[in-house]
Amino acid sequence: MAKTTVDVSVLPADSPTIAGVRKAQAKAADDLVKARNAQARPGVKWSWAWGSRGIQLTVSVLPGGPGRAAAPEK
Amino acid sequence: MSFVPAPGCVRVILAAYAGDGRAYNFIWFHSSGSWTTYDPFLEMTRQEYLNFRLEEWWSYYMTPLQNDATRLIYIRSRLQDVEDRPNVQRDVDLLGALSGATPPNAALVATLRTGFTGRSYRGRFYMGGIPSSWLVTGVPNIIYDAYVADFLDAMAALGGLAPLLWKHVVVSHFADGAERESAVISPVTEYTANARIDSQRRRLRLAT
């Protein structure tokens, strides 16, 4: 596990504008998600999105197969 | 609060020493087969096998993420179909691998999603034992994203421990503030987290 150079959770100090900061964060998140998807197990998919607490990472797993719980009721 | 049955479900408590207190995690699994029948292939019951696999999971995925003031001490599962089912407990001793402790209530939180909207279909998993070495220098309460990603990787592995035997699920006991007659069970399809350190004060209140 390596600490990334430009981290999605850290504001780059040398970035002059908020837009520049967000662009750097988005690029770092893109890179991280690409790297994780490249080595993900079958049925696992990584993505990211802007959330109320900055960038949020998501990992999706495929449901289904025997033993799946019943669909929820209303 | 009365007992709300969750047919086919097992509630697991992961208990850890965290600093001077204890921290508990509750996770739920559903199986359409029997949890309690001896399985000659597994050489144990499905419930015992779940505890066994959870020990493996914690050892492989979680101890490398945790500080050395955090130690998992037992895994306790209990069927939730009727009240007064016995606990099935597996005593373990799994110490975090990284130095530098943070307060025991400091946690990363993963939101569990099921593909359905509404509070009944979301859950949370709090992971304490965060090592201070992974906190971003000079930024309070933020942890490096590589750590967050590894945490989510562990959560995805939890969901895929034995997909043919059981599913990691979210269980809802309430609807609009009233107890349900029977719990609603939804398989987890997504784990989401951000880099902010969170705290769950209930974790401290539960400490004994």
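**Figure 1. Pairing of strand 5 and strand 6 of chain B in the predicted model.** In this predicted model, S77(B) has V88(B), a residue of strand 6 of chain B, as its bridge partner. The two strands concerned, strand 5 and strand 6 of chain B, are joined in the antiparallel sense over 6 bridges. The loop between strand 5 (70-79) and strand 6 (88-95) of chain B holds D84(B), a residue that is not a glycine and yet has a positive phi of about 65°. Most residues other than glycine have a negative phi. D84(B) counts as exposed because 6 C-beta neighbours lie inside 10 Å, where the cut-off for an exposed residue is 12 or fewer.

Figure 2. An open sheet of 6 strands in chain B is arranged in the order 6-5-1-2-9-10, and its pairing is antiparallel. Strand 6 and strand 10 of chain B stand at the edges with a single partner strand each, so that one side of each has no neighbour in the sheet. From one strand to the next, the twist averages 30°. Helix 1 (residues 46-62) of chain B lies across strand 1 (9-18), strand 2 (21-30), strand 5 and strand 6 of chain B, and runs at about 10° to strand 6 of chain B.

**Figure 3. The hairpin of strand 9 and strand 10 of chain B.** Strand 9 (residues 167-175) and strand 10 (residues 178-187) of chain B pair in the antiparallel sense, with 6 bridges between them. Within this pairing, F174(B) stands opposite E179(B), which belongs to strand 10 of chain B. The hairpin has 2 residues between its strands, and there D176(B) takes a positive phi near 50°, although D176(B) is not a glycine. D176(B) is exposed, with 7 other C-beta atoms within 10 Å.

**Figure 4. Strand 7 and strand 8 of chain B, with the two faces of strand 8.** Strand 7 (residues 106-113) of chain B pairs with strand 8 of chain B in the antiparallel sense over 6 bridges. One pair of bridge partners is L108(B) and M127(B), the latter in strand 8 of chain B. M127(B) also belongs, together with G123(B) and F125(B), to the covered face of strand 8 (residues 122-127) of chain B, whereas R122(B), R124(B) and Y126(B) make up the uncovered face.

**Figure 5. Helix 2 of chain B and the largest nonpolar core.** The largest nonpolar core has 66 residues, and I143(B), V148(B), F151(B), L152(B) and M155(B) are the members that touch the most others. Helix 2 (residues 145-159) of chain B gives the most to this core, with 10 residues. This helix has 15 residues and reaches 21 Å from its first C-alpha to its last, close to the 21 Å expected at 1.5 Å a residue. Helix 2 of chain B is largely enclosed by the rest of the structure, because 13 of its 15 residues are buried. When residues up to four places away in sequence are not counted, L152(B) touches L57(A) and V59(A) in chain A as well as A110(B), Y191(B) and A193(B) in chain B.

Figure 6. V59(A) lies in strand 2 (residues 54-61) of chain A and is buried, with 26 other C-beta atoms within 10 Å. Leaving aside neighbours within four places in sequence, V59(A) is in contact with V44(A) and W46(A) of chain A, and with L152(B), D153(B), M155(B), A156(B) and Y191(B) of chain B. V59(A) and L32(A), which are 27 residues apart in sequence, have their C-alpha atoms 12 Å apart in space.

Figure 7. Chain A has 1 helix and 2 strands, which follow the pattern α-β-β when read along the sequence. Of its 74 residues, 27% count as buried, and among contacts in chain A between residues at least 6 apart in sequence, 18% join residues at least 24 apart. The mean pLDDT of chain A is 73, and 62% of its residues reach 70 or more. Over residues 64-74 of chain A the pLDDT is below 50, although this stretch has 27 contacts in the model beyond near neighbours in sequence.

Terms used: Residues are numbered from 1 along each chain as its sequence is written. Chains are lettered from A and ligands numbered from 1 in the order in which they are written. This is a predicted model: local features need pLDDT of at least 70, side-chain atom pairs count only at pLDDT 80 or more; totals for chains, interfaces and linings use all residues. pLDDT is the predictor's confidence in each residue, from 0 to 100. Two residues are in contact if their C-beta atoms, placed from the backbone, lie within 7 Å. Two strands pair if DSSP finds at least two bridges between them. Helices (H or I, at least four residues) and strands (E, at least two) are DSSP runs, numbered from the N terminus. A residue is buried if 20 or more other C-beta atoms lie within 10 Å of its own, exposed if 12 or fewer, and partly exposed in between; C-beta atoms are placed from the backbone. Axes are lines fitted to C-alpha atoms, for helices over the stretch in contact, and angles run from 0 to 180 degrees between N-to-C directions. A nonpolar core is a set of buried Ala, Val, Leu, Ile, Met, Phe, Trp, Tyr and Cys residues joined through C-beta atoms within 7 Å. The expected span of a helix is 1.5 Å times one less than its number of residues.
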